[in-house]
Amino acid sequence: MILEFLLVSLNVVGFFPSLVCFLLATFPLDLTKTRLQMQGEAALARLGDNARESAPYRGMVRTALGIIQEEGFLKLWQGVTPAIYRHVVYSGGRMVTYEHLREVVFGKSEDKHYPLWKSVIGGMMAGVIGQFLANPADLVKVQMQMEGKRKLEGKPLRFRGVHHAFAKILAEGGIRGLWAGWVPNIQRAALVNMGDLTTYDTVKHYLILNTPLEDNIITHGLSSLCSGLVASVLGTPADVIKSRIMNQPRDKQGRGLLYKSSSDCLIQAVQGEGFMSLYKGFLPAWLRM
(Lines give C-alpha, C1' and ligand atoms only; values in the text may rest on other atoms or scores of the structure.)
Protein backbone atom coordinates (compact mmCIF):
# COMPACT_ATOMS: atom_id res chain seq x y z
CA MET A 1 0.00 0.00 0.00
CA ILE A 2 2.97 2.32 0.63
CA LEU A 3 4.16 1.72 -2.93
CA GLU A 4 0.67 2.47 -4.21
CA PHE A 5 0.65 5.73 -2.23
CA LEU A 6 3.97 6.74 -3.78
CA LEU A 7 2.72 5.92 -7.27
CA VAL A 8 -0.47 7.93 -6.75
CA SER A 9 1.53 10.84 -5.33
CA LEU A 10 3.81 10.74 -8.35
CA ASN A 11 0.70 10.67 -10.53
CA VAL A 12 -0.52 13.81 -8.77
CA VAL A 13 2.88 15.42 -9.35
CA GLY A 14 2.63 14.30 -12.99
CA PHE A 15 -0.44 16.50 -13.30
CA PHE A 16 1.45 19.38 -11.67
CA PRO A 17 0.45 22.00 -14.28
CA SER A 18 -3.22 21.19 -13.74
CA LEU A 19 -2.71 21.28 -9.96
CA VAL A 20 -1.07 24.70 -10.18
CA CYS A 21 -3.89 26.04 -12.36
CA PHE A 22 -6.46 24.68 -9.89
CA LEU A 23 -4.75 26.34 -6.93
CA LEU A 24 -4.24 29.62 -8.78
CA ALA A 25 -7.96 29.72 -9.49
CA THR A 26 -9.26 28.64 -6.09
CA PHE A 27 -6.60 29.56 -3.52
CA PRO A 28 -7.87 33.13 -2.97
CA LEU A 29 -11.11 31.54 -1.74
CA ASP A 30 -9.12 29.43 0.72
CA LEU A 31 -7.18 32.46 1.95
CA THR A 32 -10.40 34.47 2.32
CA LYS A 33 -11.98 31.57 4.22
CA THR A 34 -9.08 31.46 6.69
CA ARG A 35 -9.16 35.22 7.28
CA LEU A 36 -12.93 35.10 7.90
CA GLN A 37 -12.49 32.25 10.39
CA MET A 38 -10.11 34.39 12.46
CA GLN A 39 -12.26 37.53 12.56
CA GLY A 40 -13.77 38.39 15.91
CA GLU A 41 -11.79 35.71 17.77
CA ALA A 42 -13.01 36.17 21.35
CA ALA A 43 -10.11 34.32 22.98
CA LEU A 44 -7.67 37.09 21.95
CA ALA A 45 -9.08 39.27 24.73
CA ARG A 46 -7.33 37.03 27.26
CA LEU A 47 -3.98 38.18 25.89
CA GLY A 48 -5.00 41.82 25.92
CA ASP A 49 -5.13 41.80 22.11
CA ASN A 50 -7.49 44.52 20.86
CA ALA A 51 -7.61 43.12 17.32
CA ARG A 52 -11.09 41.74 17.86
CA GLU A 53 -12.50 45.17 18.75
CA SER A 54 -10.53 47.20 16.18
CA ALA A 55 -11.09 45.05 13.10
CA PRO A 56 -14.57 45.42 11.55
CA TYR A 57 -16.27 42.23 10.46
CA ARG A 58 -16.24 41.80 6.69
CA GLY A 59 -17.99 39.39 4.38
CA MET A 60 -16.27 37.29 1.74
CA VAL A 61 -16.11 39.97 -0.98
CA ARG A 62 -15.07 42.80 1.35
CA THR A 63 -12.41 40.61 2.93
CA ALA A 64 -10.93 39.74 -0.46
CA LEU A 65 -11.01 43.38 -1.60
CA GLY A 66 -9.50 44.45 1.71
CA ILE A 67 -6.57 42.08 1.21
CA ILE A 68 -5.98 43.53 -2.27
CA GLN A 69 -6.20 47.14 -1.09
CA GLU A 70 -4.23 46.80 2.15
CA GLU A 71 -1.66 44.11 1.30
CA GLY A 72 -1.52 43.87 -2.49
CA PHE A 73 -3.11 41.70 -5.17
CA LEU A 74 -0.50 38.93 -5.02
CA LYS A 75 -1.12 38.44 -1.30
CA LEU A 76 -4.27 36.54 -2.29
CA TRP A 77 -1.87 33.67 -2.98
CA GLN A 78 0.15 33.91 0.23
CA GLY A 79 0.68 30.35 1.45
CA VAL A 80 0.09 28.68 -1.91
CA THR A 81 3.39 26.75 -1.81
CA PRO A 82 2.59 24.74 1.34
CA ALA A 83 -0.92 24.32 -0.11
CA ILE A 84 0.64 22.49 -3.06
CA TYR A 85 2.68 20.30 -0.70
CA ARG A 86 -0.45 19.57 1.29
CA HIS A 87 -2.50 18.74 -1.79
CA VAL A 88 0.02 16.22 -3.11
CA VAL A 89 0.33 14.37 0.22
CA TYR A 90 -3.36 14.58 1.10
CA SER A 91 -4.63 13.49 -2.31
CA GLY A 92 -2.20 10.58 -2.47
CA GLY A 93 -3.12 9.29 0.98
CA ARG A 94 -6.85 9.79 0.52
CA MET A 95 -7.11 8.26 -2.95
CA VAL A 96 -5.05 5.19 -2.10
CA THR A 97 -6.93 4.52 1.14
CA TYR A 98 -10.39 5.02 -0.37
CA GLU A 99 -9.71 2.85 -3.40
CA HIS A 100 -8.11 0.14 -1.27
CA LEU A 101 -11.08 0.04 1.09
CA ARG A 102 -13.61 0.09 -1.74
CA GLU A 103 -12.01 -2.56 -3.92
CA VAL A 104 -10.25 -4.85 -1.42
CA VAL A 105 -11.74 -4.50 2.06
CA PHE A 106 -15.44 -3.84 1.45
CA GLY A 107 -16.07 -4.72 -2.19
CA LYS A 108 -19.09 -3.79 -4.28
CA SER A 109 -22.52 -5.42 -4.15
CA GLU A 110 -23.77 -7.87 -6.78
CA ASP A 111 -25.22 -5.08 -8.94
CA LYS A 112 -21.79 -3.35 -8.94
CA HIS A 113 -23.15 -0.53 -6.76
CA TYR A 114 -21.13 0.65 -3.79
CA PRO A 115 -23.48 0.73 -0.74
CA LEU A 116 -23.91 4.00 1.17
CA TRP A 117 -22.65 2.68 4.50
CA LYS A 118 -19.44 1.49 2.89
CA SER A 119 -18.94 4.90 1.26
CA VAL A 120 -19.44 6.58 4.64
CA ILE A 121 -16.83 4.46 6.41
CA GLY A 122 -14.41 4.47 3.49
CA GLY A 123 -14.69 8.21 2.99
CA MET A 124 -14.09 9.01 6.64
CA MET A 125 -11.12 6.67 7.00
CA ALA A 126 -9.56 7.93 3.77
CA GLY A 127 -9.93 11.54 4.87
CA VAL A 128 -8.45 10.86 8.30
CA ILE A 129 -5.34 9.12 6.97
CA GLY A 130 -4.72 11.60 4.16
CA GLN A 131 -5.13 14.63 6.41
CA PHE A 132 -2.99 13.26 9.21
CA LEU A 133 -0.12 12.81 6.76
CA ALA A 134 -0.58 16.31 5.36
CA ASN A 135 -1.00 18.13 8.70
CA PRO A 136 2.48 19.77 8.75
CA ALA A 137 1.90 21.39 5.36
CA ASP A 138 -1.60 22.46 6.41
CA LEU A 139 -0.20 24.03 9.58
CA VAL A 140 2.36 26.07 7.64
CA LYS A 141 -0.28 27.08 5.08
CA VAL A 142 -2.65 28.46 7.73
CA GLN A 143 0.08 30.38 9.53
CA MET A 144 1.44 31.88 6.32
CA GLN A 145 -2.06 32.93 5.26
CA MET A 146 -2.26 35.05 8.42
CA GLU A 147 1.14 36.75 8.02
CA GLY A 148 -0.30 39.67 6.05
CA LYS A 149 -2.80 40.43 8.80
CA ARG A 150 -0.05 40.29 11.43
CA LYS A 151 1.96 42.85 9.46
CA LEU A 152 -1.03 45.22 9.28
CA GLU A 153 -1.47 44.91 13.05
CA GLY A 154 2.17 45.87 13.61
CA LYS A 155 3.19 42.42 14.79
CA PRO A 156 6.50 40.84 13.71
CA LEU A 157 6.36 38.32 10.90
CA ARG A 158 6.95 34.74 12.03
CA PHE A 159 8.57 33.34 8.89
CA ARG A 160 10.85 34.35 6.02
CA GLY A 161 9.46 31.64 3.75
CA VAL A 162 8.00 28.16 3.56
CA HIS A 163 11.11 26.19 4.47
CA HIS A 164 11.96 28.60 7.27
CA ALA A 165 8.43 28.03 8.61
CA PHE A 166 8.89 24.26 8.69
CA ALA A 167 12.32 24.62 10.32
CA LYS A 168 11.13 27.12 12.94
CA ILE A 169 8.09 25.08 13.96
CA LEU A 170 10.24 21.96 14.17
CA ALA A 171 12.88 23.75 16.27
CA GLU A 172 10.37 25.23 18.71
CA GLY A 173 7.90 22.38 19.07
CA GLY A 174 9.71 19.34 17.77
CA ILE A 175 8.02 16.73 15.60
CA ARG A 176 4.92 17.07 17.74
CA GLY A 177 4.76 20.78 16.89
CA LEU A 178 4.24 19.97 13.20
CA TRP A 179 1.07 18.13 14.13
CA ALA A 180 -0.49 20.98 16.12
CA GLY A 181 -4.22 21.02 15.44
CA TRP A 182 -4.26 17.51 14.01
CA VAL A 183 -7.31 16.42 16.02
CA PRO A 184 -9.80 18.96 14.59
CA ASN A 185 -8.00 18.64 11.25
CA ILE A 186 -8.71 14.93 10.89
CA GLN A 187 -12.22 15.48 12.28
CA ARG A 188 -12.81 18.01 9.54
CA ALA A 189 -11.32 15.69 6.91
CA ALA A 190 -13.48 12.79 8.04
CA LEU A 191 -16.65 14.89 7.94
CA VAL A 192 -15.80 16.54 4.62
CA ASN A 193 -14.94 13.26 2.93
CA MET A 194 -17.99 11.57 4.38
CA GLY A 195 -20.20 14.32 2.99
CA ASP A 196 -18.31 14.74 -0.27
CA LEU A 197 -17.74 11.15 -1.38
CA THR A 198 -20.99 9.69 -0.10
CA THR A 199 -23.24 12.49 -1.34
CA TYR A 200 -21.57 12.59 -4.75
CA ASP A 201 -21.93 8.84 -5.31
CA THR A 202 -25.48 8.77 -3.95
CA VAL A 203 -26.75 11.79 -5.91
CA LYS A 204 -25.12 10.66 -9.15
CA HIS A 205 -26.54 7.14 -8.78
CA TYR A 206 -29.99 8.56 -8.01
CA LEU A 207 -29.98 10.96 -10.97
CA ILE A 208 -28.92 8.27 -13.44
CA LEU A 209 -31.56 5.79 -12.23
CA ASN A 210 -34.49 8.18 -11.65
CA THR A 211 -34.10 11.01 -14.17
CA PRO A 212 -33.48 11.28 -17.93
CA LEU A 213 -29.94 12.46 -17.18
CA GLU A 214 -27.04 10.28 -18.28
CA ASP A 215 -23.53 9.95 -16.85
CA ASN A 216 -22.31 13.26 -18.25
CA ILE A 217 -21.00 16.66 -17.17
CA ILE A 218 -24.45 17.88 -16.08
CA THR A 219 -24.91 14.92 -13.76
CA HIS A 220 -21.40 15.36 -12.40
CA GLY A 221 -21.99 19.09 -11.88
CA LEU A 222 -25.23 18.60 -9.94
CA SER A 223 -23.64 15.85 -7.87
CA SER A 224 -20.66 18.08 -7.08
CA LEU A 225 -22.91 20.99 -6.11
CA CYS A 226 -24.81 18.82 -3.63
CA SER A 227 -21.73 17.08 -2.26
CA GLY A 228 -19.89 20.36 -1.74
CA LEU A 229 -22.83 21.81 0.17
CA VAL A 230 -23.14 18.81 2.47
CA ALA A 231 -19.39 18.64 3.01
CA SER A 232 -19.24 22.34 3.91
CA VAL A 233 -22.14 22.09 6.36
CA LEU A 234 -20.51 19.13 8.10
CA GLY A 235 -16.89 20.26 8.00
CA THR A 236 -16.85 24.04 8.51
CA PRO A 237 -17.13 24.01 12.35
CA ALA A 238 -14.14 21.66 12.65
CA ASP A 239 -12.29 23.76 10.06
CA VAL A 240 -12.78 26.92 12.13
CA ILE A 241 -11.48 25.16 15.25
CA LYS A 242 -8.55 23.72 13.31
CA SER A 243 -7.51 27.09 11.87
CA ARG A 244 -7.69 28.87 15.22
CA ILE A 245 -5.66 26.22 17.04
CA MET A 246 -3.04 26.21 14.29
CA ASN A 247 -2.73 30.00 14.24
CA GLN A 248 -2.80 30.69 18.00
CA PRO A 249 0.31 32.23 19.63
CA ARG A 250 2.57 29.75 21.41
CA ASP A 251 5.14 29.83 24.19
CA LYS A 252 8.80 28.86 23.81
CA GLN A 253 7.90 25.20 24.26
CA GLY A 254 5.39 25.36 21.41
CA ARG A 255 2.32 25.18 23.67
CA GLY A 256 -0.77 27.16 22.69
CA LEU A 257 -1.59 30.26 24.74
CA LEU A 258 -5.28 30.53 23.82
CA TYR A 259 -6.68 27.02 23.68
CA LYS A 260 -5.94 23.88 25.65
CA SER A 261 -7.78 21.56 23.25
CA SER A 262 -10.32 21.39 20.44
CA SER A 263 -13.20 21.30 22.90
CA ASP A 264 -11.83 24.35 24.73
CA CYS A 265 -11.64 26.26 21.45
CA LEU A 266 -15.18 25.18 20.58
CA ILE A 267 -16.57 26.31 23.94
CA GLN A 268 -14.79 29.66 23.84
CA ALA A 269 -15.98 30.36 20.29
CA VAL A 270 -19.63 29.56 21.04
CA GLN A 271 -19.67 31.39 24.38
CA GLY A 272 -17.80 34.45 23.16
CA GLU A 273 -19.11 34.80 19.60
CA GLY A 274 -22.24 32.67 19.30
CA PHE A 275 -22.96 29.37 17.60
CA MET A 276 -22.80 30.79 14.08
CA SER A 277 -19.15 31.71 14.63
CA LEU A 278 -18.51 28.04 13.83
CA TYR A 279 -19.65 28.77 10.27
CA LYS A 280 -17.37 31.71 9.55
CA GLY A 281 -15.90 31.24 6.10
CA PHE A 282 -18.70 28.89 5.00
CA LEU A 283 -19.41 30.54 1.63
CA PRO A 284 -15.82 30.59 0.25
CA ALA A 285 -15.36 27.04 1.54
CA TRP A 286 -18.41 25.85 -0.39
CA LEU A 287 -17.49 27.77 -3.53
CA ARG A 288 -14.00 26.29 -3.47
CA MET A 289 -15.34 22.75 -3.13
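## Around V140

Skip the neighbours within four places in sequence, and V140 is in contact (heavy atoms within 4.5 Å) with P82, V162, A165, F166 and I169. This is a predicted model, where local features need pLDDT of at least 70 and side-chain atom pairs count only at pLDDT 80 or more, while totals for chains, interfaces and linings use all residues. Residues are numbered from 1 along each chain as its sequence is written, and side-chain values use heavy atoms, with hydrogens and water left out.

## Nonpolar cores

V140 also turns up in the largest nonpolar core, which has 13 residues; L139, V140, M144, F159 and I169 touch the most other members. The elements giving two or more residues to this core are α6 (116-145) and α8 (162-177), and α6 supplies the largest share, four residues. A core here is a set of buried Ala, Val, Leu, Ile, Met, Phe, Trp, Tyr and Cys residues joined through side-chain atoms within 4.5 Å. Buried means under 20% relative accessible area, exposed over 50%, and partly exposed in between, with a 1.4 Å probe and protein chains only.

As background, nonpolar side chains in soluble globular proteins tend to be buried together.

## The overall picture

Zooming out, the protein chain has twelve helices and zero strands. Both kinds of element are DSSP runs numbered from the N terminus: H or I of at least four residues for helices, E of at least two for strands. Buried residues make up 46% of the 289 residues in the protein chain. Take the contacts with a separation of 6 or more, and 74% of them are between residues 24 or more positions apart.

## Two antiparallel pairs

The axes of α5 and α6 come within 8 Å and cross at roughly 165°; these axes are lines fitted to C-alpha atoms, for helices over the stretch in contact, and angles run from 0 to 180 degrees between N-to-C directions. So α5 and α6 are roughly antiparallel to each other. For the labels, under 35 degrees is roughly parallel, over 145 roughly antiparallel, 65 to 115 roughly perpendicular, and the rest oblique. The contact of α5 with α6 has 18 nonpolar, eight polar and five charged residues.

Next up are α9 and helix α10 (residues 217-247), packed at about 170° with their axes 7 Å apart. That is why α9 and α10 also count as roughly antiparallel to each other. Their contact divides into 17 nonpolar, ten polar and five charged residues.

On the α5 side, R86, Y90, R94 and Y98 meet R188, A189, N193, D196, L197 and D201 in α9. By class, the residues of this contact are four nonpolar, one polar and five charged.

## G272 and G40

G272 sits in helix α11 (residues 262-273), and at 35% relative accessibility G272 counts as partly exposed. G272 and G40 are 232 residues apart in sequence, yet 9.2 Å apart in space, C-alpha to C-alpha.

How values were computed: Ala, Val, Leu, Ile, Met, Phe, Trp, Tyr, Cys and Pro count as nonpolar, Asp, Glu, Lys and Arg as charged, and the others, Gly among them, as polar.
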